[in-house]
Amino acid sequence: MSGFKTPLEVRMLPEMDNQNWQLISPLVYESAAAGKTVTVPAGFITDFVSFAPLKNIGQRAAVVHDFLYSLPEFDRGIADEVLKEALESVGVSAILAIDMFVAVRAFGGSHKAK
């Protein structure tokens, strides 16, 4: 079963205009879509989610998605599936999770590590 195994623990990076956050402990997510456990390491920097309706609930899913996008060898399509799965695992409605999936499929490619 997919789901987060650890809490999200971050600190704000004020030197970066209060828009970036750094993990202070690893974030662990068990993903059926990826077929493995994803561990985002302490020290990883994220800007969370830019989609307003998800600001309070989608942070963990956004961190995992940002991390997967930062890995050049990780398939973007699977990363986007993991985002959808992770959003649903924290209680985001299936409709909103699908909307986010469609958005990252359409526009996320420009953010994928090269």
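Let's start with the helices: α2 (residues 76–89) and α3 (residues 94–107) pack at an angle of about 160°, and their axes lie 9 Å apart. Since angles over 145 degrees count as roughly antiparallel, that makes α2 roughly antiparallel to α3. As for handedness, the α2 and α3 crossing is right-handed. Keep in mind as you look around that this is a predicted model.

Who does the touching? On the α2 side the contact is made by R76, G77, D80, E81, L83, K84, L87 and E88, while α3 brings A94, A97, I98, M100, F101, V104, R105 and A106. Sorted by class, the contact of α2 with α3 comes to 9 nonpolar, 6 charged and 1 polar residues.

Now zoom out to the whole chain. You'll find 6 strands and 3 helices, and reading along the sequence gives the pattern β-β-β-β-β-β-α-α-α.

On to the strands. An open sheet is formed by 3 strands in the order β2-β3-β6, with antiparallel pairing. Its edge strands are β2 (10–12) and β6 (45–46), each of which pairs on one side only. In general, strands of a sheet pair through backbone hydrogen bonds, either parallel or antiparallel. Here, β2 and β3 (residues 21–23) pair in the antiparallel sense over 3 bridges.

Of the 114 residues, 39% count as buried. Among the chain's contacts with a separation of 6 or more, 53% come from residues 24 or more positions apart.

Technical notes
Residues numbered from 1 in each chain as written. Predicted model: local features only at pLDDT ≥ 70, side-chain atom pairs only at ≥ 80, totals over all residues. Heavy atoms only, no water. Pairing = 2+ DSSP bridges. Helix = DSSP H or I, 4+ residues; strand = E, 2+ residues; numbered from the N terminus. Axes fitted to C-alpha atoms, helices over the stretch in contact; angles between N-to-C directions. Parallel < 35°, antiparallel > 145°, perpendicular 65-115°, else oblique. Left-handed = near helix turned anticlockwise from the far one by under 90°. Contact = heavy atoms within 4.5 Å. Nonpolar A, V, L, I, M, F, W, Y, C, P; charged D, E, K, R; others polar. Buried < 20%, exposed > 50% of the residue type's maximum accessible area, 1.4 Å probe, protein only.
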